[in-house]
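Here's a quick tour of one aromatic cluster and the strands around it. Have the structure open while you read.

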Amino acid sequence: MSNDAFTAQGSRPTCVDRHEIEDVLTDYCHHLDRMDLSALAGLFTHDCVVIYGPEPHLTACGRAALAASLARMWRWKRTAHHLSNLRICALTSDAARAESYVLAWHERPDGQTATLYGRYLDLLTRTPDGWRIQERRMDMNGADQGFRVAIPQAIRAAPPPGWRPPEGIDGAPPDQDRPAAI
C-alpha cells in the first residue's frame with residue numbers, strides 16, 4: 001500500500017461492512033488510550049504489518065510484535081486519539097481499504113504535551129472473527145514541538161506555478177505589484 005493519496009479502485013462497502021470497519025478503526029483508538037494492548041492487537045490479523053515510521057522500532061509484523069512495539073506508549077501519562085474523515089472502499093467482499101485522520105494528544109508524566117495530526121492508511125480483511133486490519137501505514141500532516149517521533153510526512157500537492165498568498169493572510173506582506181484589496 002502506498003502513502004499516496006487514497007486512490008483505491010473499488011466500490012462502496014455495504015452499510016453493515018462499513019459500520020463494522022468503522023468499529024475496528026475507532027476501537028483501535030479506544031484500546032490505545034486505555035493501554036489495553038491485548039484487545040488492540042486483536043483488531044489486527046495474525047500476520048499483520050504495521051508501519052508507523054521508518055525506524056525499526058516503529059514497524060511490527062504480527063499481533064505479538066505490535067503489542068510489544070506499542071508498549072512504548074506507557075511513557076505517556078495519558079493519551080487521547082480522535083479518529084475522523086473515514087473513507088472506506090471495498091476491494092472485494094472480503095477486503096477493503098480505509099483512510100482516516102487521527103488527532104493524537106499525549107501528556108508526559110511531567111505535564112508537557114505532544115500533539116500529532118496524522119493519517120492511517122489501512123488494508124482490512126474479513127476473517128472468521130470479523131473485519132481485521134491486515135496492514136497499517138501512518139503518515140503525518142503536522143505536529144507540535146512536543147512530538148518528536150519520525151513519522152513520514154503526508155503527501156500534499158505543490159501550489160500552481162505563479163501562485164502567491166493573498167495579501168494580509170497569515171501575515172503575508174503587501175504585494176507591490178497588486179492593487180490594494182477593496
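What follows covers the strands, then the rings, then a charge over the rings.

First, the ground rules. This is a predicted model, in which local features need pLDDT of at least 70, side-chain atom pairs count only at pLDDT 80 or more, and totals for chains, interfaces and linings use all residues. Residues are numbered from 1 along each chain as its sequence is written, and side-chain values use heavy atoms, with hydrogens and water left out.

**The strands**

Helices (H or I, at least four residues) and strands (E, at least two) are DSSP runs numbered from the N terminus, and two strands pair if DSSP finds at least two bridges between them. Strand β6 (residues 130-143) runs parallel to strand β1 (residues 44-51), with four bridges joining them. On that side, F44 stands opposite I133 in β6. Strand β5 (residues 113-127) runs antiparallel to β6, and here there are 12 bridges. β5 and β6 make a hairpin with two residues between them. Y120 stands opposite M138 in β6.

**The rings**

A pair of aromatic rings is described by the distance of the centres and the angle of the planes. Rings of Phe, Tyr and Trp (its six-membered ring) count as a pair if their centres lie within 6.5 Å; planes under 30 degrees apart are stacked, over 60 edge-to-face, and the rest tilted. Searching the whole structure turns up two aromatic pairs:

| Pair | Centre to centre | Angle between planes | Geometry |
|---|---|---|---|
| Y28 and F44 | 6.0 Å | 65° | edge-to-face |
| Y28 and Y120 | 5.6 Å | 80° | edge-to-face |

Y28 sits in helix α1 (residues 15-34) and F44 in strand β1, so their pair ties together parts that are 16 residues apart in sequence. The pair of Y28 and Y120 links distant parts of the chain, helix α1 and strand β5, 92 residues apart. Put together, Y28, F44 and Y120 form one aromatic cluster.

Y28 counts as buried because its relative accessibility is 1%. F44 is buried too, at 0%, and so is Y120, at 2%.

**The charge**

A charge sits over a ring if NZ of Lys or CZ of Arg is within 6 Å of the ring centre and within 35 degrees of the ring normal. R136 has its charged end over the ring of Y28, 4.3 Å from the centre. R136 also lies over the face of Y120, at 3.8 Å from that ring centre.

Definitions and conventions
Buried means under 20% relative accessible area, exposed over 50%, partly exposed in between (1.4 Å probe, protein chains only).
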